[in-house]
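Subject: Structure handover

Hello,

Here is the structure you asked for. My notes on it follow below.

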2 protein chains.
Amino acid sequence: MIKVVFFDLDDTLVDTTKLAEMARRNAVENMIRHGLPVDFETAYSELIELINEYGSNFNRHFDYLLRRLDLPNNPKWIAAGVIAYHNTKFAHLKSVKGARKALLELKKDGFGLGVITDGDPIKQWEKIIRLELDDFFDNVFISDYLGVKKPHPKIFKKALKKMDVGPSEAVMVGDRLYSDIYGAKQVGMKTVWFRYGKYANRELEYLEYADFTIRSLEEVIEIVRGLNLEEKECADTEVHAD
Amino acid sequence: MIKVVFFDLDDTLVDTTKLAEMARRNAVENMIRHGLPVDFETAYSELIELINEYGSNFNRHFDYLLRRLDLPNNPKWIAAGVIAYHNTKFAHLKSVKGARKALLELKKDGFGLGVITDGDPIKQWEKIIRLELDDFFDNVFISDYLGVKKPHPKIFKKALKKMDVGPSEAVMVGDRLYSDIYGAKQVGMKTVWFRYGKYANRELEYLEYADFTIRSLEEVIEIVRGLNLEEKECADTEVHAD
């Protein structure tokens, strides 16, 4: 009997990759508008390279971009980048299509709901609160807060314990086959791979750990209902068999 | 002959103190709304104490607030504070009444314009760019970028040199008698004390360094025009006297 559904956050509930790309493009455009003497394509591709090297949570992207471009450290250009980046992130943060409907239906059905996500705790909470998703969740588990990252079993076990359910009573929904699906399967949860965003065609070697593959979050509702119905029917059959 | 007018930024051109107070109040309110188990007055007064102790550019105010209140480090509450703080700062950033008019008139009269300010270079540029004030200024001098703080003569001398004028050809306008007025006077500039904001009744021991005191920024226009007229009249008189 499924009692709890866990969701990954980035590119599962929140459209993070699209947003980040838009924010970076706007940042570079605004830097150029305020005097950065480089064409858009050069600056943007350097920024993307830099982010790939230093990670997306590195907080000196724009300083380092100037260094890479052999330009002086001009705080005006950095400020222009920061402003456009933040404005875009605040104005265009969106939940993934179908996310709110899926959460609402699951809540109505009485399921416990949780988030299991990697990343910086304050930034992850910012997304949840800005989208006003916080009231849906009984608990939010963030790896950098707990000191353990997906797919390590510990973060899933902590989540199960806190929600007071066994692994067979929980479903994990996420876009990453490695961290979400392989991770949750290791501890014995049911797994739903959300084939979405930049990981839709990556990490396919872990596909075998996905019990279900979906293209729309609303499919989660039927899957979870189906799992419980199936179990009920099995139980009924067993009763008849007695 | 006055050729250049320098302005301080915070609480001279930009309404910083009012904005920061509003942002902090909204931050505390949003933290409570998201579960911070403390009443508003307690939390707000602890935050103000903390800012007075650690400085307004310290970037862990909300973490430290929780520590002071003997509460666990809950990233949800911190995120709620950060969101409300940023939203307020972005939505309510305003130039001081009369600032834009004064800049426009001075520009029309052909004066060179500059900013001489303390603070973090990126944050200071953010304010200037967000308010779209950047096109008014020939140069912006920020202490944390130049490595020297007001009232040290060096920052004023650097500004004069870059603008290619002598001290008697420049006016400094600012709200702080110590850093702006005493500082600029030391190098020989004309000084206009803008009696505004939280420093309107402080540092009065430096009042003697103010050539003019104003309550509205628009008064700067007449002062500068007056100074140049006076000089012209003196020169004319000297010609007649010959």
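Helices (H or I, at least four residues) and strands (E, at least two) are DSSP runs, numbered from the N terminus. This is a predicted model, in which local features need pLDDT of at least 70 and side-chain atom pairs count only at pLDDT 80 or more, while totals for chains, interfaces and linings use all residues. Residues are numbered from 1 along each chain as its sequence is written, and chains are lettered from A and ligands numbered from 1 in the order in which they are written.

A strand residue in chain B

V5(B) is part of strand β1 of chain B, which covers residues 4–7. The cut-offs are 20 or more other C-beta atoms within 10 Å for buried, 12 or fewer for exposed, and partly exposed in between, with C-beta atoms placed from the backbone. Leaving out residues up to four places away in sequence, V5(B) touches L106(B), F111(B), L113(B), V171(B), V173(B), V220(B) and V224(B). Contact here means C-beta atoms, placed from the backbone, within 7 Å. M22(B) is 17 residues from V5(B) in sequence, yet the two C-alpha atoms are 30 Å apart.

The sheet in chain A

Chain A has an open sheet of 6 strands in the order β3-β2-β1-β4-β5-β6, with parallel pairing. Its edge strands are β3 and β6, each pairing on one side only. From one strand to the next the twist averages 20°. Two strands pair if DSSP finds at least two bridges between them; β5(A) and β6(A) run parallel and are joined by 3. F194(A) stands opposite I214(A) of β6(A).

Helix α9 of chain A (residues 177–186) lies across β4 (170–174) and β5, and runs at about 165° to β5(A). Axes are lines fitted to C-alpha atoms, for helices over the stretch in contact, and angles run from 0 to 180 degrees between N-to-C directions.

Two helices in chain A

Helix α1 (residues 16–33) and helix α2 (residues 40–54) of chain A have axes that come within 10 Å and cross at roughly 135°. The pair is therefore oblique; angles under 35 degrees count as roughly parallel, over 145 as roughly antiparallel, 65 to 115 as roughly perpendicular and the rest as oblique. On the α1(A) side, the contact is made by R24(A), R25(A), V28(A), E29(A), M31(A) and I32(A), which meet F40(A), A43(A), Y44(A) and L47(A) of α2(A). By class, this contact has 7 nonpolar, no polar and 3 charged residues. Ala, Val, Leu, Ile, Met, Phe, Trp, Tyr, Cys and Pro count as nonpolar, Asp, Glu, Lys and Arg as charged, and the others, Gly among them, as polar.

Backbone exceptions

Most residues other than glycine have a negative phi, and most peptide bonds are trans. E132(A), not a glycine, has a positive phi of about 50°. It sits in the loop between α6 (121–130) and β3 (139–142) of chain A, and is exposed, with 10 other C-beta atoms within 10 Å. E203(A) also has a positive phi, near 60°. Its place is the loop between β5 (190–194) and β6 (212–214) of chain A, and it counts as partly exposed, with 16 C-beta neighbours inside 10 Å.

The peptide bond between K150(A) and P151(A) is cis, with omega about 5°. P151(A) lies in the loop between α7 (143–146) and α8 (153–163) of chain A. In chain B, the bond from K150(B) to P151(B) is cis, with omega near 10°.

Regards

Note on methods. Two residues are in contact if their C-beta atoms, placed from the backbone, lie within 7 Å.
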